[in-house]
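Please look through the structure below and follow the text alongside it. The paragraphs go from one part to the next in plain steps.

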Amino acid sequence: MSRNTRAIIDLDAIISNYQYSKVLAPDSKNIAVIKANAYGHGALKVAKTLEPLVPAFAVALFEEAVFLREHGINKPILILQGINNKAEIIYAAEYDCWLMLHQQKQLNIISKIKRTELSKLLNVWVKFDSGMHRLGFDANRVETVLLALTQINNIHSDLVLCSHFSHAGENGHKNNLKQQQLFQQIYLSSINNHHLSSLKLTRSLANSPAIVAMPDSRLEWNRPGIMLYGLSLFEAPHDSDKMLKPAMSFVSSICSLREIDVGETVGYGGQWTADKKSTIATVSVGYADGYPRQAKNGTPVFIRNQRLPLVGAVSMDMITVDVTALEVVNIGDKVELWGANIAANEVAKCANTIGYHLLTAVSDRVPREYKENENVE
Ligand SMILES: *Cc1c(COP(=O)(O)O)cnc(C)c1O
(Lines give C-alpha, C1' and ligand atoms only; values in the text may rest on other atoms or scores of the structure.)
Protein backbone atom coordinates (compact mmCIF):
# COMPACT_ATOMS: atom_id res chain seq x y z
CA MET A 1 0.00 0.00 0.00
CA SER A 2 1.42 3.35 -1.00
CA ARG A 3 0.11 5.19 2.04
CA ASN A 4 -1.48 4.47 5.36
CA THR A 5 -4.66 6.48 5.00
CA ARG A 6 -7.70 4.46 6.04
CA ALA A 7 -10.90 4.44 8.05
CA ILE A 8 -10.76 1.88 10.83
CA ILE A 9 -14.29 0.80 11.72
CA ASP A 10 -14.95 -0.69 15.15
CA LEU A 11 -17.92 -3.01 14.66
CA ASP A 12 -18.12 -3.77 18.38
CA ALA A 13 -18.68 -0.06 18.99
CA ILE A 14 -21.60 -0.11 16.53
CA ILE A 15 -23.11 -3.11 18.35
CA SER A 16 -22.65 -1.40 21.70
CA ASN A 17 -24.22 1.83 20.41
CA TYR A 18 -27.19 -0.08 19.00
CA GLN A 19 -27.62 -1.87 22.32
CA TYR A 20 -27.62 1.48 24.08
CA SER A 21 -30.52 2.56 21.87
CA LYS A 22 -32.37 -0.55 23.03
CA VAL A 23 -31.66 0.14 26.68
CA LEU A 24 -33.18 3.60 26.23
CA ALA A 25 -36.22 2.30 24.37
CA PRO A 26 -36.77 -1.28 25.52
CA ASP A 27 -40.40 -1.32 24.39
CA SER A 28 -39.68 -0.10 20.86
CA LYS A 29 -38.40 -1.77 17.75
CA ASN A 30 -35.32 0.17 16.72
CA ILE A 31 -34.62 0.13 13.00
CA ALA A 32 -30.93 0.64 12.21
CA VAL A 33 -30.50 3.46 9.70
CA ILE A 34 -27.68 2.51 7.32
CA LYS A 35 -28.28 4.93 4.45
CA ALA A 36 -25.34 6.57 2.66
CA ASN A 37 -23.15 3.48 3.04
CA ALA A 38 -23.97 3.31 6.76
CA TYR A 39 -22.88 6.92 7.23
CA GLY A 40 -19.61 6.09 5.52
CA HIS A 41 -18.86 2.99 7.62
CA GLY A 42 -19.71 0.42 4.92
CA ALA A 43 -23.37 -0.59 4.61
CA LEU A 44 -22.77 -4.27 4.01
CA LYS A 45 -20.37 -4.84 6.88
CA VAL A 46 -22.57 -2.85 9.26
CA ALA A 47 -25.71 -4.65 8.07
CA LYS A 48 -24.11 -8.06 8.52
CA THR A 49 -22.95 -7.08 11.99
CA LEU A 50 -26.33 -5.75 13.13
CA GLU A 51 -28.61 -8.18 11.30
CA PRO A 52 -29.00 -10.60 14.23
CA LEU A 53 -29.96 -7.72 16.54
CA VAL A 54 -32.33 -5.51 14.57
CA PRO A 55 -35.93 -5.92 13.40
CA ALA A 56 -35.19 -4.09 10.13
CA PHE A 57 -32.88 -1.63 8.40
CA ALA A 58 -33.57 1.74 6.81
CA VAL A 59 -31.90 3.27 3.76
CA ALA A 60 -32.71 6.43 1.83
CA LEU A 61 -32.87 5.05 -1.69
CA PHE A 62 -34.29 2.10 -3.56
CA GLU A 63 -30.82 1.36 -5.02
CA GLU A 64 -29.35 1.11 -1.53
CA ALA A 65 -31.93 -1.53 -0.64
CA VAL A 66 -31.25 -3.51 -3.81
CA PHE A 67 -27.52 -3.46 -3.05
CA LEU A 68 -28.09 -4.95 0.42
CA ARG A 69 -30.45 -7.64 -0.92
CA GLU A 70 -28.03 -8.61 -3.66
CA HIS A 71 -25.35 -9.06 -1.03
CA GLY A 72 -27.28 -11.39 1.20
CA ILE A 73 -28.98 -9.14 3.74
CA ASN A 74 -32.37 -10.67 4.57
CA LYS A 75 -34.02 -8.49 7.21
CA PRO A 76 -36.71 -6.07 5.99
CA ILE A 77 -35.40 -2.77 4.62
CA LEU A 78 -37.39 0.43 4.93
CA ILE A 79 -36.81 2.78 1.97
CA LEU A 80 -37.09 6.23 3.51
CA GLN A 81 -37.70 8.10 0.25
CA GLY A 82 -40.10 5.44 -0.99
CA ILE A 83 -40.46 4.37 -4.59
CA ASN A 84 -40.84 6.14 -7.91
CA ASN A 85 -42.28 3.58 -10.30
CA LYS A 86 -44.09 0.30 -10.71
CA ALA A 87 -40.97 -1.82 -11.23
CA GLU A 88 -39.66 -0.69 -7.85
CA ILE A 89 -42.92 -1.65 -6.16
CA ILE A 90 -42.90 -5.12 -7.68
CA TYR A 91 -39.33 -5.53 -6.42
CA ALA A 92 -40.22 -4.17 -2.98
CA ALA A 93 -43.06 -6.66 -2.53
CA GLU A 94 -40.91 -9.57 -3.63
CA TYR A 95 -37.85 -8.66 -1.57
CA ASP A 96 -39.41 -7.43 1.65
CA CYS A 97 -38.64 -3.75 1.25
CA TRP A 98 -40.95 -1.47 3.21
CA LEU A 99 -42.08 1.68 1.47
CA MET A 100 -42.28 5.14 2.89
CA LEU A 101 -45.37 6.64 1.29
CA HIS A 102 -45.01 10.40 1.50
CA GLN A 103 -46.77 11.93 -1.49
CA GLN A 104 -49.80 11.56 -3.73
CA LYS A 105 -47.78 10.55 -6.77
CA GLN A 106 -46.59 7.42 -4.96
CA LEU A 107 -50.11 6.61 -3.81
CA ASN A 108 -51.29 6.84 -7.41
CA ILE A 109 -48.63 4.39 -8.56
CA ILE A 110 -49.47 1.91 -5.79
CA SER A 111 -53.22 2.20 -6.45
CA LYS A 112 -52.80 1.24 -10.10
CA ILE A 113 -51.03 -2.03 -9.39
CA LYS A 114 -53.21 -5.14 -9.28
CA ARG A 115 -52.84 -7.57 -6.42
CA THR A 116 -51.97 -10.30 -8.92
CA GLU A 117 -48.96 -8.31 -10.12
CA LEU A 118 -47.33 -8.53 -6.70
CA SER A 119 -45.91 -11.67 -5.14
CA LYS A 120 -46.73 -10.45 -1.61
CA LEU A 121 -48.56 -7.61 0.09
CA LEU A 122 -46.68 -4.34 0.41
CA ASN A 123 -45.58 -3.01 3.77
CA VAL A 124 -46.27 0.69 3.89
CA TRP A 125 -45.25 3.50 6.21
CA VAL A 126 -47.25 6.71 5.86
CA LYS A 127 -45.20 9.81 6.43
CA PHE A 128 -46.72 13.15 7.19
CA ASP A 129 -45.23 16.59 7.62
CA SER A 130 -45.40 17.59 11.28
CA GLY A 131 -43.21 20.67 10.82
CA MET A 132 -40.00 19.71 9.03
CA HIS A 133 -41.52 20.75 5.66
CA ARG A 134 -39.37 18.44 3.61
CA LEU A 135 -41.28 15.20 2.99
CA GLY A 136 -44.71 13.93 3.92
CA PHE A 137 -48.40 14.49 3.39
CA ASP A 138 -49.97 17.55 4.96
CA ALA A 139 -51.17 16.69 8.45
CA ASN A 140 -54.78 17.47 7.53
CA ARG A 141 -54.67 14.91 4.68
CA VAL A 142 -53.51 11.92 6.71
CA GLU A 143 -56.95 10.45 7.29
CA THR A 144 -57.87 10.86 3.61
CA VAL A 145 -54.70 9.02 2.62
CA LEU A 146 -55.33 6.26 5.16
CA LEU A 147 -58.89 5.93 3.89
CA ALA A 148 -57.57 5.55 0.35
CA LEU A 149 -55.26 2.82 1.61
CA THR A 150 -58.19 0.88 3.10
CA GLN A 151 -59.54 0.69 -0.48
CA ILE A 152 -56.39 -0.90 -1.89
CA ASN A 153 -56.02 -4.67 -1.66
CA ASN A 154 -52.29 -4.93 -2.32
CA ILE A 155 -51.02 -3.54 0.99
CA HIS A 156 -50.82 -4.88 4.54
CA SER A 157 -53.34 -3.50 7.01
CA ASP A 158 -50.44 -3.06 9.47
CA LEU A 159 -49.39 0.51 8.71
CA VAL A 160 -46.85 2.72 10.40
CA LEU A 161 -47.65 6.39 10.86
CA CYS A 162 -44.37 8.29 10.63
CA SER A 163 -42.90 11.77 10.88
CA HIS A 164 -39.47 13.34 11.40
CA PHE A 165 -38.17 16.04 13.77
CA SER A 166 -36.59 19.24 12.47
CA HIS A 167 -34.83 20.20 15.73
CA ALA A 168 -34.19 16.93 17.58
CA GLY A 169 -30.53 17.82 18.02
CA GLU A 170 -31.49 21.01 19.83
CA ASN A 171 -32.47 19.81 23.25
CA GLY A 172 -35.61 21.57 24.50
CA HIS A 173 -36.37 23.45 21.27
CA LYS A 174 -40.03 24.47 21.18
CA ASN A 175 -40.64 22.84 17.78
CA ASN A 176 -39.93 19.42 19.26
CA LEU A 177 -42.92 19.53 21.58
CA LYS A 178 -45.07 21.07 18.86
CA GLN A 179 -44.27 18.26 16.44
CA GLN A 180 -44.82 15.62 19.12
CA GLN A 181 -48.23 17.05 19.98
CA LEU A 182 -49.33 17.26 16.37
CA PHE A 183 -48.14 13.69 15.83
CA GLN A 184 -50.16 12.39 18.76
CA GLN A 185 -53.21 14.36 17.69
CA ILE A 186 -53.15 12.94 14.14
CA TYR A 187 -52.58 9.44 15.49
CA LEU A 188 -55.48 9.60 17.96
CA SER A 189 -57.81 11.08 15.41
CA SER A 190 -56.90 8.30 12.95
CA ILE A 191 -57.37 5.42 15.36
CA ASN A 192 -60.69 6.87 16.52
CA ASN A 193 -61.96 7.21 12.94
CA HIS A 194 -64.27 4.20 12.45
CA HIS A 195 -63.75 4.31 8.67
CA LEU A 196 -60.16 3.36 9.40
CA SER A 197 -60.91 0.53 11.82
CA SER A 198 -59.62 -2.11 9.38
CA LEU A 199 -56.12 -0.66 9.76
CA LYS A 200 -53.68 -1.54 12.49
CA LEU A 201 -51.63 1.58 13.08
CA THR A 202 -48.29 1.79 14.86
CA ARG A 203 -46.05 4.86 15.09
CA SER A 204 -42.53 6.07 14.41
CA LEU A 205 -41.12 9.48 15.20
CA ALA A 206 -37.74 9.41 16.94
CA ASN A 207 -34.29 9.58 15.35
CA SER A 208 -31.11 9.38 17.48
CA PRO A 209 -31.24 12.61 19.49
CA ALA A 210 -34.95 12.13 20.13
CA ILE A 211 -34.43 8.56 21.34
CA VAL A 212 -31.86 9.86 23.79
CA ALA A 213 -33.48 13.06 25.01
CA MET A 214 -37.24 12.82 24.34
CA PRO A 215 -38.64 9.79 26.13
CA ASP A 216 -42.19 10.58 24.96
CA SER A 217 -41.09 10.32 21.35
CA ARG A 218 -40.03 6.67 21.75
CA LEU A 219 -42.92 4.87 20.07
CA GLU A 220 -43.48 1.40 18.58
CA TRP A 221 -40.68 2.02 16.07
CA ASN A 222 -37.61 4.26 16.35
CA ARG A 223 -35.05 5.11 13.67
CA PRO A 224 -31.56 5.48 15.19
CA GLY A 225 -28.86 6.55 12.71
CA ILE A 226 -25.98 8.72 13.86
CA MET A 227 -25.93 7.28 17.39
CA LEU A 228 -25.00 3.87 15.97
CA TYR A 229 -21.78 5.43 14.77
CA GLY A 230 -21.05 6.96 18.16
CA LEU A 231 -21.01 10.69 17.56
CA SER A 232 -22.21 12.87 20.41
CA LEU A 233 -25.70 14.13 19.69
CA PHE A 234 -25.91 17.55 21.26
CA GLU A 235 -23.96 20.77 21.28
CA ALA A 236 -23.74 20.81 25.08
CA PRO A 237 -22.24 17.90 27.01
CA HIS A 238 -24.86 15.18 27.67
CA ASP A 239 -24.98 11.93 29.68
CA SER A 240 -25.25 9.98 26.43
CA ASP A 241 -21.74 11.13 25.39
CA LYS A 242 -20.26 8.65 27.86
CA MET A 243 -22.28 5.76 26.44
CA LEU A 244 -21.66 6.35 22.74
CA LYS A 245 -18.45 4.98 21.26
CA PRO A 246 -17.10 6.55 18.06
CA ALA A 247 -16.97 3.74 15.51
CA MET A 248 -14.77 5.39 12.89
CA SER A 249 -11.14 6.24 13.29
CA PHE A 250 -9.90 8.17 10.25
CA VAL A 251 -6.13 7.88 10.15
CA SER A 252 -3.22 8.68 7.91
CA SER A 253 0.53 9.21 8.27
CA ILE A 254 3.21 11.82 7.83
CA CYS A 255 4.70 11.67 4.32
CA SER A 256 7.08 14.64 4.50
CA LEU A 257 8.72 16.95 7.08
CA ARG A 258 10.46 20.31 6.81
CA GLU A 259 11.63 23.30 8.82
CA ILE A 260 10.52 26.71 7.71
CA ASP A 261 11.69 30.17 8.77
CA VAL A 262 9.66 32.81 10.48
CA GLY A 263 7.60 34.73 7.93
CA GLU A 264 7.31 31.81 5.48
CA THR A 265 3.82 30.67 4.46
CA VAL A 266 2.43 27.16 4.01
CA GLY A 267 0.32 25.70 1.21
CA TYR A 268 -1.83 27.08 -1.60
CA GLY A 269 -2.42 30.78 -1.27
CA GLY A 270 -0.17 31.02 1.78
CA GLN A 271 -3.07 30.92 4.19
CA TRP A 272 -0.82 30.48 7.22
CA THR A 273 2.37 32.31 8.11
CA ALA A 274 4.97 31.01 10.57
CA ASP A 275 5.50 33.44 13.47
CA LYS A 276 8.65 31.55 14.45
CA LYS A 277 10.90 28.85 13.02
CA SER A 278 8.48 25.93 12.61
CA THR A 279 8.38 22.25 11.76
CA ILE A 280 5.72 21.37 9.22
CA ALA A 281 4.48 17.82 8.71
CA THR A 282 2.74 16.94 5.47
CA VAL A 283 0.07 14.27 5.94
CA SER A 284 -1.20 12.09 3.13
CA VAL A 285 -4.90 12.90 3.27
CA GLY A 286 -6.84 15.62 1.47
CA TYR A 287 -10.27 16.70 0.38
CA ALA A 288 -10.37 13.94 -2.25
CA ASP A 289 -10.39 11.52 0.70
CA GLY A 290 -13.16 13.40 2.44
CA TYR A 291 -11.11 15.54 4.78
CA PRO A 292 -13.06 18.82 4.68
CA ARG A 293 -11.47 21.50 2.48
CA GLN A 294 -13.05 24.19 4.65
CA ALA A 295 -11.09 23.06 7.75
CA LYS A 296 -9.41 26.19 9.01
CA ASN A 297 -6.01 26.90 10.54
CA GLY A 298 -5.97 25.36 14.01
CA THR A 299 -8.25 22.39 13.27
CA PRO A 300 -6.90 19.69 15.62
CA VAL A 301 -4.97 16.68 14.36
CA PHE A 302 -3.63 13.96 16.69
CA ILE A 303 0.02 12.84 16.40
CA ARG A 304 2.18 11.12 19.07
CA ASN A 305 -0.44 11.67 21.78
CA GLN A 306 -0.73 15.39 21.14
CA ARG A 307 -3.28 17.63 19.54
CA LEU A 308 -1.58 19.72 16.90
CA PRO A 309 -2.94 22.41 14.58
CA LEU A 310 -3.67 22.09 10.89
CA VAL A 311 -1.96 24.99 9.11
CA GLY A 312 -2.52 26.19 5.56
CA ALA A 313 -5.17 25.19 3.06
CA VAL A 314 -6.32 21.59 2.74
CA SER A 315 -5.13 20.24 -0.64
CA MET A 316 -6.69 17.49 -2.71
CA ASP A 317 -4.31 14.81 -1.43
CA MET A 318 -2.49 16.40 1.50
CA ILE A 319 -2.77 18.55 4.59
CA THR A 320 -0.04 20.34 6.53
CA VAL A 321 0.30 20.36 10.31
CA ASP A 322 2.45 22.47 12.62
CA VAL A 323 4.34 19.86 14.65
CA THR A 324 6.87 22.24 16.20
CA ALA A 325 5.59 21.23 19.65
CA LEU A 326 6.75 17.63 19.19
CA GLU A 327 10.22 16.76 20.46
CA VAL A 328 10.42 13.72 18.22
CA VAL A 329 8.61 13.37 14.92
CA ASN A 330 9.30 11.12 11.94
CA ILE A 331 8.08 10.43 8.46
CA GLY A 332 5.62 7.55 8.75
CA ASP A 333 4.22 8.65 12.11
CA LYS A 334 0.57 7.82 12.50
CA VAL A 335 -1.93 10.68 12.36
CA GLU A 336 -5.52 10.56 13.64
CA LEU A 337 -7.83 12.98 11.84
CA TRP A 338 -10.82 11.97 13.93
CA GLY A 339 -11.66 9.00 16.14
CA ALA A 340 -11.03 8.17 19.78
CA ASN A 341 -8.96 11.30 20.51
CA ILE A 342 -10.53 13.94 18.29
CA ALA A 343 -14.28 13.96 17.77
CA ALA A 344 -15.52 14.16 14.18
CA ASN A 345 -17.93 16.81 15.47
CA GLU A 346 -15.02 18.98 16.57
CA VAL A 347 -13.33 18.80 13.17
CA ALA A 348 -16.72 19.47 11.56
CA LYS A 349 -17.13 22.60 13.60
CA CYS A 350 -13.74 23.88 12.43
CA ALA A 351 -14.96 23.35 8.86
CA ASN A 352 -18.37 24.94 9.36
CA THR A 353 -20.24 21.70 8.91
CA ILE A 354 -21.59 18.76 10.94
CA GLY A 355 -20.20 15.37 11.93
CA TYR A 356 -22.79 13.56 9.77
CA HIS A 357 -21.29 15.30 6.75
CA LEU A 358 -17.72 14.28 7.53
CA LEU A 359 -18.57 10.62 8.13
CA THR A 360 -20.56 10.30 4.92
CA ALA A 361 -17.96 12.19 2.88
CA VAL A 362 -15.05 9.80 3.49
CA SER A 363 -14.45 8.82 -0.11
CA ASP A 364 -14.09 5.48 -1.88
CA ARG A 365 -10.35 6.11 -2.16
CA VAL A 366 -10.06 5.45 1.58
CA PRO A 367 -9.96 1.73 2.42
CA ARG A 368 -12.19 0.65 5.31
CA GLU A 369 -10.55 -1.71 7.77
CA TYR A 370 -12.77 -3.59 10.20
CA LYS A 371 -12.14 -4.45 13.83
CA GLU A 372 -14.49 -6.82 15.61
CA ASN A 373 -14.76 -9.22 18.54
CA GLU A 374 -11.94 -7.36 20.26
CA ASN A 375 -13.57 -7.95 23.61
CA VAL A 376 -13.85 -11.70 23.11
CA GLU A 377 -10.93 -13.60 24.60
C1 LIG B 1 -31.53 9.79 8.43
C2 LIG B 1 -32.85 9.60 9.05
C3 LIG B 1 -32.96 9.08 10.34
C4 LIG B 1 -31.77 8.87 11.25
O5 LIG B 1 -31.45 10.11 11.83
P6 LIG B 1 -30.24 10.27 12.88
O7 LIG B 1 -30.29 11.70 13.27
O8 LIG B 1 -29.01 9.93 12.12
O9 LIG B 1 -30.51 9.33 13.98
C10 LIG B 1 -34.22 8.81 10.83
N11 LIG B 1 -35.32 9.06 10.09
C12 LIG B 1 -35.25 9.58 8.85
C13 LIG B 1 -36.50 9.85 8.10
C14 LIG B 1 -34.03 9.89 8.29
O15 LIG B 1 -33.97 10.42 7.08
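This is a predicted model: local features need pLDDT of at least 70, side-chain atom pairs count only at pLDDT 80 or more; totals for chains, interfaces and linings use all residues.

Four helices each supply at least two residues of the lining of the largest pocket: α2 (35-39), α9 (208-213), α11 (344-350) and α12 (355-361). Rolling a probe the size of a water molecule over the atoms shows where empty space is left. The largest pocket has a volume of about 1300 Å³. Its lining is made up of 46 residues, and the closest to the pocket centre are Gly-169, Pro-209, Ile-226, Ile-354 and Tyr-356. Sorted by class, the lining has 22 nonpolar residues, 14 polar ones and 10 charged ones.

Now take the protein chain as a whole. The chain has 12 helices and 20 strands. Along the principal axes, its C-alpha atoms fill a box of roughly 80 × 45 × 45 Å. The chain has 377 residues, and 54% of them count as buried.

Ile-8 has its place in strand β1, which covers residues 6-10. Is Ile-8 buried or exposed? Ile-8 counts as buried because its relative accessibility is 13%, and the cut-off for buried is under 20%. Leaving aside neighbours within four places in sequence, Ile-8 is in contact with Ala-247, Met-248, Ser-249, Val-251, Glu-369 and Lys-371. Leu-147 gives another distance to look at: 139 residues separate Ile-8 and Leu-147 in sequence, and their C-alpha atoms are 49 Å apart in space.

The last topic is the cysteines. A disulfide is a covalent bond between the sulfur atoms of two cysteines. How many disulfides does the count come to? The count comes to 0 disulfides. To be counted, a pair of cysteine sulfur atoms has to lie within 2.5 Å. Cys-97 counts as buried because its relative accessibility is 2%. Cys-350 also counts as buried, with a relative accessibility of 17%.

Note on methods:
Residues are numbered from 1 along each chain as its sequence is written. Side-chain values use heavy atoms; hydrogens and water are left out. On a 1 Å grid over the protein atoms alone, a cavity is a set of points where a 1.4 Å probe fits but cannot get out, and a pocket is an open set with protein on both sides within 12 Å along at least five of seven lines; lining residues have an atom within 4 Å of a point. Grid points are joined across faces, edges and corners, and a volume is the space filled by probe spheres set on the points. Ala, Val, Leu, Ile, Met, Phe, Trp, Tyr, Cys and Pro count as nonpolar, Asp, Glu, Lys and Arg as charged, and the others, Gly among them, as polar. Buried means under 20% relative accessible area, exposed over 50%, partly exposed in between (1.4 Å probe, protein chains only). Contact means heavy atoms within 4.5 Å.
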